[in-house]
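Let us walk through this structure step by step. Keep the model open as you read.

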Amino acid sequence: MSFSVLAEPVETPYDEVSLPFELHKVPEAPVYYIIGKSGVPDSVNEGHTSNGGFVVTDEGVVVYDALGTPALGYRMLQRIREVTDKPITHVVISHYHADHIYGLQAFDEHAGSPKVIAHDLALGYIGGDRASQGEAAQQRLVQRREALFPWVDENTYLVAPDTTFEKEYTFEQGDLTFVVRHMGPAHAPGDSIMLIKELGVLFSGDVIYKGRIPFLDSPDTDVERWLEGLAYLDTMTPTPRFIIPGHGEASDDVHEAISFTQGYLKYVRREMGEAARNFVAFDEAYRDTDWSEYEDMPAFDASNRGNAYRIYLEMEAGGY
């Protein structure tokens, strides 16, 4: 089920949102989600590249991820208010990357400052205990103020988590149990999934990408652990009946949901590992690799070469 989309641009306190903002509903569950555009954040997509969603309980609303600009976070808040007037009690953040957290500002300013939950390593991203990561977060904010102006501007700020956890964080609201589990370091250090236990609905964050090239070109990315996390999702018991990824379309089949990300990670590791073993220079290895399965996908031009180079260096340094 999906809800109608207003055709006209919508004003928000953070500038106008002109893109469609369709709300989808999980069958037979009070769970709703929004699908972003596949690609890297830019002025064309207005930073709307990631997915987010929310769960309505008897006692309030639990949100998962806040989208990539304050304006998008506000549009999400508007969509929530079309469904329910219950208070927003929690915002669970899959990981502290810009495209998932800048919308927190709207919840902080217009939704009664709900409790923000994230993994311990989120504190490092915003400068809580690792200064270099805090600096990187500020550099990203400066970059987005240029690339996504006016949706991200000098008034945009980072919202820190109120509650952090190490391995798993469980809470109950209404008659539902929310299990937030750390899966990182994978795509990012703090990657965390959220399972609504009684409903069998899983929000995966960027552990799962569908229909878009994943981003691996970061010193914080751990592909081996990422693959372990995907294998865990594929063997969860009981099996989730519905999966909402961090990017791409939702699915009612766990194996189908993880297959693209899993296949891409394995392919890049295999090809770059073989090149490193055979002492083939990266430029030659990249040129001779068959990328035909991926080259027409969103974010290929922006991410694939950097991904491959990152993995090539990792395989070279790690003894293949």
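Contact here means heavy atoms within 4.5 Å. Remember too that this is a predicted model.

Helix H7 spans residues 254–277, and helix H9 spans residues 300–317. Their axes come within 8 Å and cross at roughly 55°. That angle makes H7 oblique to H9. The crossing of H7 past H9 is right-handed. Which residues in H7 meet H9? They are Tyr-264, Val-268, Arg-269, Met-272, Gly-273, Ala-275 and Ala-276. On the H9 side, the partners are Asn-304, Asn-307, Ala-308, Ile-311, Tyr-312, Glu-314, Met-315 and Glu-316.

The whole structure holds 17 aromatic pairs. One of them joins Tyr-267 and Tyr-294. Their centres are 5.9 Å apart, with 45° between the planes, and the pair is tilted. Tyr-267 sits in helix H7. Tyr-294 sits in the loop between helix H8 (282–288) and H9. The two residues are 27 residues apart, so this pair links distant parts of the chain.

Val-31 has Val-55 in S3 as its bridge partner.

Another open sheet has five strands, in the order S8-S9-S10-S11-S12. Here, too, the pairing is mixed. Strand S8 (168–173) and strand S12 (242–247) each have a single partner strand, so one side of each is left without a neighbour in the sheet. On average, neighbouring strands of this sheet are turned by 20° against each other, direction ignored. Strand S10 (residues 192–196) pairs with strand S11 (residues 201–209) in the antiparallel sense, over three bridges. Met-194 stands opposite Phe-203 in S11.

Which helices lie across S11? Helix H6 (residues 223–234) lies across strand S9 (176–182), S10 and S11, and runs at about 155° to S11. H7 lies across S11 and S12, and runs at about 15° to S11. Recall that H7 also meets H9.

Last, check the backbone. Most residues other than glycine have a negative phi, and most peptide bonds are trans. Where do cis bonds turn up here? A cis peptide bond joins Phe-149 and Pro-150, with omega about 10°. Pro-150 has its place in the loop between helix H5 (131–147) and S7. The peptide bond from Thr-237 to Pro-238 is also cis, with omega near -5°. Pro-238 lies in the loop between H6 and S12. Asp-15 has a positive phi, near 95°, although this residue is not glycine. Find Asp-15 in the segment before S1.

Technical notes
Residues numbered from 1 in each chain as written. Predicted model: local features only at pLDDT ≥ 70, side-chain atom pairs only at ≥ 80, totals over all residues. Heavy atoms only, no water. Axes fitted to C-alpha atoms, helices over the stretch in contact; angles between N-to-C directions. Helix = DSSP H or I, 4+ residues; strand = E, 2+ residues; numbered from the N terminus. Parallel < 35°, antiparallel > 145°, perpendicular 65-115°, else oblique. Left-handed = near helix turned anticlockwise from the far one by under 90°. Pairing = 2+ DSSP bridges. Phe/Tyr/Trp six-rings, centres within 6.5 Å; stacked < 30°, edge-to-face > 60°.
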